[in-house]
Each structure stands twice: as C-alpha cells, then as structure tokens.
Amino acid sequence: MHSNGTVHTRNGAHDMRQMEVPFVDLGAQYASIEAEVNQAIARVLRRNDFVLGQDVEAFEAEFAAYCDTDYAIGMDSGLSALELLLRAYGVGPGDEVITQANTFIATALAVSGVGATPVLVDMDPHTYMIDVAQIEAAITPRTKAIMPVHLYGQLADMDAIMAIAERHHLVVIEDACQAHGARYKGRRAGSLGHAAAFSFYPAKNLGAYGDGGAAVTSDEQVARKLRLLRNYGSVQKYHHEVCGYNRRLDTLHAAVLRVKLRRLDEWNAARRRAAAQYTALLGDATVVCPPELSHTEPVYHLYVIRAPERDALQAHLRSQGIATVIHYPIPIHLQPAYKQLGLPAGSFPVAEQAAQEILSLPMYAELESQAIAYVAEAICTFTQPSLEIAPVI
Ligand SMILES: *Cc1c(COP(=O)(O)O)cnc(C)c1O
C-alpha cells in the first residue's frame, strides 16, 4: 500500500488484487507533519544557529523529560552516543564490556571504538534479549560495563541486569537505539540503567532526516563529560578541558526531532496496534510471533517473526509485493570484523539459530490495517498451502 492509498493491481485475468507493501514509508510520515517540519527548518535557516543552536538545547530538555531522565545530550549518531558514554565512564583499552551476540554491529563497534573488548552473551530464546542467566559467567576482573540492547523495541530484563551490575560494581548502559518510548514496569527505556543511548537514524521510531543520536542519564557528572566530549572537549569556546571529538547533533535535526517527539507516543501506539493485529491474524500460521511480556510495553521498532522456512517465505512475500528485512542475518561473532574474538560458529547457538529463522515484517505507524491483513494472509497461505484453494461457490 503506497502512501497515497492506491492499491496496485498487477496484470493477469484471474490475479488477486496485489498490494505493494513497503518495509517502512517515511514519505507517509512526512506527509502527516509536512507544514510543521518545514516551518521548523525555516526557523533554523533564518536564525543561522546551525551548531548547538536553540533547538538543540530545547530538544535535549524535552527528550530528557520524555525519557524520565535529568539530562539528554544530543550527538551525531547512536554509535557516538554509545561510544562517548563508554568514554565518559572511563572504559578503555584492557576493559571488557558485556553485550549480546544478536544485535546491530554498532553496539559492538562502540566497545571496540574505545579500545575495549566486547564480551558476547547468547540471547534468550523467547525474548531475543540478552540471556540474563548467562551474564555472570561472562564477568571477569576486567569487566567494566554491561550493555543490554532493547532490541526490536522490546525490553531487556533490566531488574535482573541491575541486580547483577550492583553485585559486581558494573555500569549499565542501555542500548535503547530501537526503543524510544518503550516501558519496562512502567518506566521508560533510557531511565532503567545508569545511562542510555538513542539513535535518530531516519527509520528509527524517532528519526531525524539524516544521522543523529542522544545519550541520556540522570548522573550530572556523566552528562557534563558527555557535553565536553561531543564538542572538542569544551563548554566554553576555545577553552578545552579534555581531548574531545566533534559528535554534535545538528540544530536542523533537533528542530525536526522536536516536531516528531510530540507525535512519538501516538506513533508508538499505532505500531503497537499494528503488532497486535499481526499477532492476532498470524494465530493460525506456523510462525512464531514476538512475545509481549505483561510487565513491558514494547514499541515495535521491528515486528520480527520466526519461520523455519524463512528464506522461502521471504521470497514468497516478495513475489506478493511485500518487502521484508532480516535483523540481523549474521551475529556479531561471525562477522569478519570480529574474527579476532576467535568465536567460531556454535559459540552462541540460540542467536545463530534465530539468525536463520527471523524475518521482520513491514512496520511503521502509518501502516494500514488492510496492508497488515494482506501480509498476514500471504504468510498464512504460504505456511498452510491448503488454505490457498479457494472454495468454489
Ligand atoms: C541504530 C542502532 C545503533 C546505532 O545507531 P546509529 O545512529 O545508526 O549510529 C546502535 N544500536 C542499535 C541496536 C541500533 O539499532
């Protein structure tokens, strides 16, 4: 279904009417906020405060409040937010940071980026989050931090993780890059650990029109360090306290993010409705739908199913005009970039098996229920071919 609502019919005398269902549709989102976004951008262009301007400060205050934290520090990407958080906590060469094998590469790259070693743990087979039962075995005298990922907009088991961290005096940095607005026991993602990183990559639940990110925390010292690190080690122009970086969130992006932040809860609610519809309609299909634990309120950055015949199902859906993606096809330890970890296939059997079976279905706030029904039907007819034979009336 295109943003203009047209159903594209393919040629063929007895073909079913066929839709095109994109994986995400940022054009549909822009259409719903176009005037506001254009005005926000024009205001920045007239003010000319392109770097660390008014909208950055305003967005930081609004985003911190949204996340139930005291501080938010705008960055140029989620990876920068993760990496500068590790630096702010003093993590560096010789240190180890525990995270999960099934995540986007950036989680691990942040650890390598500060010269530390990512220590991987397998995923929980039902939730896809880090398997908390395996964390303690991965802790060594070099461990400095745990970086759980709220993958797909679901929630890591933060109470268990914080209890482990407290026992071993570790810092917990949430990778909340897919979980803007998600809740765990009523509390927002980003406020559950000591600090958290968010990405505003365009397709994230809260996305800029280019790269962007933020770190959030309620630790004043860490917030101050982050502000130094992202801006050449300086808070006062041409006075440099530490050797920093240039990792700032652009004012133009902040202006757009302020417009979008006002809609985020509404958009997340729409994603949750879409997810509920998928789960209801896929009840008869031989696929595994994402779990929704009663103490969590996931925000479905991705709606990820598991299917034993995943590649064939993906090809079938493609033939029906439905775009899907695999998040992620190769776990961290099997990426060439991480061959130095020396972890062969078989090291994390749960994550490796999942990588063969997971499939992300189209998911965005504007996704229409007709399109969801069409996708679900295509999956049901593939997994239960007998349903395909329509009764002759
Ligand atoms: C998107 C993402 C990142 C990195 O964010 P960028 O803004 O692309 O640098 C990190 N971790 C996870 C889980 C992500 O999904």
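**Reading helices, strands and loops**

Author: Start with helix 6: its face turned away from the buried side carries the exposed residues Glu-166 and Arg-167. Buried means under 20% relative accessible area, exposed over 50%, and partly exposed in between (1.4 Å probe, protein chains only). Helices (H or I, at least four residues) and strands (E, at least two) are DSSP runs, numbered from the N terminus. The model is predicted: local features need pLDDT of at least 70, side-chain atom pairs count only at pLDDT 80 or more, and totals for chains, interfaces and linings use all residues. Residues are numbered from 1 along each chain as its sequence is written, and side-chain values use heavy atoms, with hydrogens and water left out.

Reader: Which residues of helix 6 are buried?

Author: First, the general idea. An α-helix has 3.6 residues a turn, so residues three or four places apart point the same way. In helix 6 (residues 158–168), the buried ones are Met-158, Ile-161, Met-162, Ile-164 and Ala-165. They sit on the same side of helix 6 because they cover an arc of only 160° around the axis. That arc is taken from the directions from the helix axis to the C-beta atoms.

Reader: What covers the buried residues of helix 6?

Author: The cover includes helix 5 (135–138), strand 4, strand 5 and strand 6 (183–184). Contact here means heavy atoms within 4.5 Å. Just after helix 6 comes His-169, with a positive phi of about 55°.

Reader: How many residues of helix 3 are buried?

Author: 9 of the 11 residues of helix 3 (residues 78–88) are buried, so the rest of the structure largely encloses this helix. Among them are Gly-78, Glu-83 and Ala-88. After helix 3 comes Gly-90, with a positive phi near 80°.

Reader: In what order do the strands of the sheet lie?

Author: Strands of a sheet pair through backbone hydrogen bonds, either parallel or antiparallel. Two strands pair if DSSP finds at least two bridges between them. Here 7 strands make an open sheet with mixed pairing, in the order 1-9-8-5-4-2-3. Strand 1 (71–75) and strand 3 (117–121) are the edges, each pairing on one side only. From one strand to the next, the twist averages 25°.

Reader: How many bridges join strand 2 to strand 4?

Author: 3 bridges link strand 2 (residues 96–100) to strand 4 (residues 143–146), and the two run parallel. Ile-98 has Ile-146 of strand 4 as its bridge partner.

Reader: Which strands does helix 7 lie across?

Author: Helix 7 (residues 220–230) lies across strand 1 and strand 9 (213–217), at about 15° to strand 1. Axes are lines fitted to C-alpha atoms, for helices over the stretch in contact, and angles run from 0 to 180 degrees between N-to-C directions. Helix 4 (residues 105–113) lies across strand 2, strand 3 and strand 5 (171–175), at about 145° to strand 3.

Reader: Is Tyr-128 buried or exposed?

Author: Tyr-128 is buried, with a relative accessible area of 3%. Its place is the loop between strand 3 and helix 5, and its phi is positive, near 70°. Asp-68 has a positive phi near 60°. Asp-68 is partly exposed, at 47% relative accessible area.
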